[in-house]
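Me: Could we go through this model together? I would like to discuss its core and its salt bridges.

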Amino acid sequence: MISLEQLVRPNIWSLAPYSSARDEYSGKEAHVFLDANENPYNAPYNRYPDPLQRELKAVIERVKGVPSDMIFLGNGSDEAIDLPYRIFCEPGRDNVVAIEPTYGMYRVCADINNVEYRPVLLDEHYDFQAERLLEACDEHTKIIWICSPNNPTGNSLNRDEILKTIEAFDGIVIVDEAYIDFAQQLSLRQELPTHPNLIILQTLSKAWGSAAIRLGMAFASKEIIQIYNKVKYPYNVNLLTQQQAKEILSDPYEVDKWVKILLSERQRMMQAFAELPICQRIFKTDANFFLAQVTEAKRIYDYLVDRGIIVRNRSKVKLCDNCLRITIGTRTENNELLSALRQY
């Protein structure tokens, strides 16, 4: 990895971050707040939230085993995806490389930030080789995007190839682990101390059942996290989100129960789906969904919509011709889907 200063855009490296009222007295106790032009009534919602989410990060540190100064919290993973473009990529000059197919927001954020996006197709097993990703890079490639388990394919990518990519690339490698709680493969969080160019994304939206509160997490070196915090908007995670996140994180054993139930239902659903006349192939998955190739994806999708059942038609995604992505719901929801498809 080249130096972080060389990777970061010069204007970002020298940026003086906004200093919020809550930052300026940090480290001291206070009980009278007359600094931020807040209304003194309607506590606690009248006060700006902690801009660095210190209490919440302390909880995440205990759950995830990552020091608080190596944690960034954002408004969903989308904020943690967008910020690296603004930190590392000069618009109109730099580029990023990503596997294809994968989560669409990597490309959307590249387009918004006027950064060239270079997709590299996965192989017939929906996996990749580090060499092919690295061949797509040049002196202006700042970021490589890897999603594992991948979306929409569902499979975990080859861990050795991910590590080869991290070790061989001079820039930033971002591994999105949104679905890691459902996978047998271990998170790469323990690789952070020895790989300063690695950023790992996780979320409370999937296994933790908290998509509505919009909390995404980025784990990286404390130097990268300091830059994230410098560029983010001051109060990017609101008080209600911080409170609800602390509550759900306080009971990881309940989440473990949910995951076990969903994995059992996933196995049952994949077996039942494979027996349907419409099903041509089901792909291996390590997520809370599976990808299935069917006879007529568009017609089947429309048929289900008419019955109030919504799945995801991924037919327009490369390498996913005639594929539906099925999220695992409750047993009742899953049975309703199967019943409708058996009548198709």
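This is a predicted model: local features need pLDDT of at least 70, side-chain atom pairs count only at pLDDT 80 or more; totals for chains, interfaces and linings use all residues.

Me: How many residues does the largest nonpolar core have, and which have the most contacts inside it?
Reply: That core has 50 residues, and I146 and L204 have the most contacts inside it.

Me: What does L204 touch, leaving aside residues up to four places away in sequence?
Reply: With those residues not counted, L204 touches G209, S210, A211, I213, L215, M217, A245, I248 and L249. There is also a second, separate core of 33 residues, which includes I12, C109, W145 and I224.

Me: Changing topic, how many salt bridges are found in the whole structure?
Reply: A search finds 15 salt bridges. In one of them, the side chains of D138 and R118 meet at 2.8 Å, N to O. This pair links distant parts of the chain, with D138 in the loop between α6 and β4 and R118 in strand β3, 20 residues apart.

Me: What separates R86 and D82 in helix α4?
Reply: About one helical turn separates them, because they are 4 residues apart in that helix. Their side chains form a salt bridge of 3.2 Å, N to O.

Me: Is D82 buried or exposed?
Reply: D82 counts as buried, at 17% relative accessibility, whereas R86 is partly exposed at 23%.

Me: Which residue forms a salt bridge with R268?
Reply: The partner is E265, with the closest N and O atoms 2.9 Å apart. Both residues lie in helix α10, 3 residues apart, so about one helical turn separates them. E265 is buried at 5% relative accessibility, while R268 is partly exposed at 21%.

How values were computed. Residues are numbered from 1 along each chain as its sequence is written. Side-chain values use heavy atoms; hydrogens and water are left out. A nonpolar core is a set of buried Ala, Val, Leu, Ile, Met, Phe, Trp, Tyr and Cys residues joined through side-chain atoms within 4.5 Å. Buried means under 20% relative accessible area, exposed over 50%, partly exposed in between (1.4 Å probe, protein chains only). Contact means heavy atoms within 4.5 Å. A salt bridge is a side-chain nitrogen of Lys or Arg within 4 Å of a carboxyl oxygen of Asp or Glu. Helices (H or I, at least four residues) and strands (E, at least two) are DSSP runs, numbered from the N terminus.
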